[in-house]
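Hi there,

Here is the structure I promised to pass on.

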Amino acid sequence: MTSWIVKAEGLLASLLLAVIVLLVFAAGIMRWFGHPLVWSVDLAQLLFVWVSFIGADLALRKRTHIGIDYLVKRLPGQARAALDLVLGAVVLGFLLTMAVMGYRLTMLNLERQFGDSGISYGFVTAAVPIGCLLLAITLAGQMLRTAATLRSRPQPVFAAASTPVHAEELVP
């Protein structure tokens, strides 16, 4: 993906996180003064769902998701990349299934209200299909890059780079 899309996604996540902090802070202050902002906590929760999916996509782009690679990182480059492609296909299938099911859930929740805010619950559940599609697009792009370099210099789908094995990692 182009760098401006990544920057825009990071800026949006930062902006939404700042709004969440301000909303929760304002709700706390107003509650202390005896005038609670009931809607602010609902809106903060809604934004948190969106920030979570945007952050997950950013982490996938940077290949910084938490993973247990104790055995996988010991495989040779091509075998590791091939295994990553297989696992990527499984994850891609899951993400696309979640996008379809999330869309159905969003359509079911359009009329439902989110808490006391009056906001449609569809805005909350829409984060699932949109977020899963963002993740699927990112993952598909990484899988295509891995497949293109599989014969020459394979780059794993999920790892940033191969790291050397340290002695303390060899001790069970």
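Buried here means under 20% relative accessible area, exposed means over 50%, and partly exposed is in between (1.4 Å probe, protein chains only). A salt bridge is a side-chain nitrogen of Lys or Arg within 4 Å of a carboxyl oxygen of Asp or Glu. Asp42 is found in helix H2. Setting aside its neighbours within four places in sequence, Asp42 is in contact (heavy atoms within 4.5 Å) with Phe114, Gly115, Asp116 and Ser117.

A word on the ground rules. This is a predicted model, in which local features need pLDDT of at least 70 and side-chain atom pairs count only at pLDDT 80 or more, while totals for chains, interfaces and linings use all residues. Residues are numbered from 1 along each chain as its sequence is written, and side-chain values use heavy atoms, with hydrogens and water left out.

Now for the charges that do pair up. The count of salt bridges comes to 2. In one of them, the side chains of Glu9 and Arg61 meet at 2.8 Å, N to O. That pair links distant parts of the chain, as Glu9 sits in helix H1 (residues 3-32) and Arg61 in helix H2 (residues 38-62), 52 residues apart. Arg61 also forms a salt bridge with Asp57, with the closest N and O atoms 3.0 Å apart. Asp57 and Arg61 both lie in helix H2, 4 residues apart, which is about one turn of the helix. Through shared partners, the salt bridges join Glu9, Asp57 and Arg61 into one network.

How buried are these three? Glu9 counts as buried because its relative accessibility is 9%. Arg61 is buried too, at 17% relative accessibility, and Asp57 is buried with a relative accessible area of 0%.

Helix H1 deserves a look of its own. Its buried residues are Glu9, Ala13, Leu16, Ile20, Leu23 and Ala27, and what covers them includes H2 and helix H5 (127-148). At 1.5 Å a residue, the 30 residues of H1 should span 44 Å, and the end C-alpha atoms are 44 Å apart, which agrees; the expected span is 1.5 Å times one less than the number of residues. After H1 comes Gly34, whose phi is positive, near 90 degrees.

Finally, the overall picture. The protein chain has 6 helices and 2 strands, running α-α-α-β-β-α-α-α from the N terminus on. Helices (H or I, at least four residues) and strands (E, at least two) are DSSP runs, numbered from the N terminus. The C-alpha atoms fill a box of roughly 65 × 40 × 35 Å, taken along the principal axes. Buried residues make up 31% of the 172 residues in the protein chain. Among contacts between residues at least 6 apart in sequence, 72% join residues at least 24 apart.

Happy browsing!
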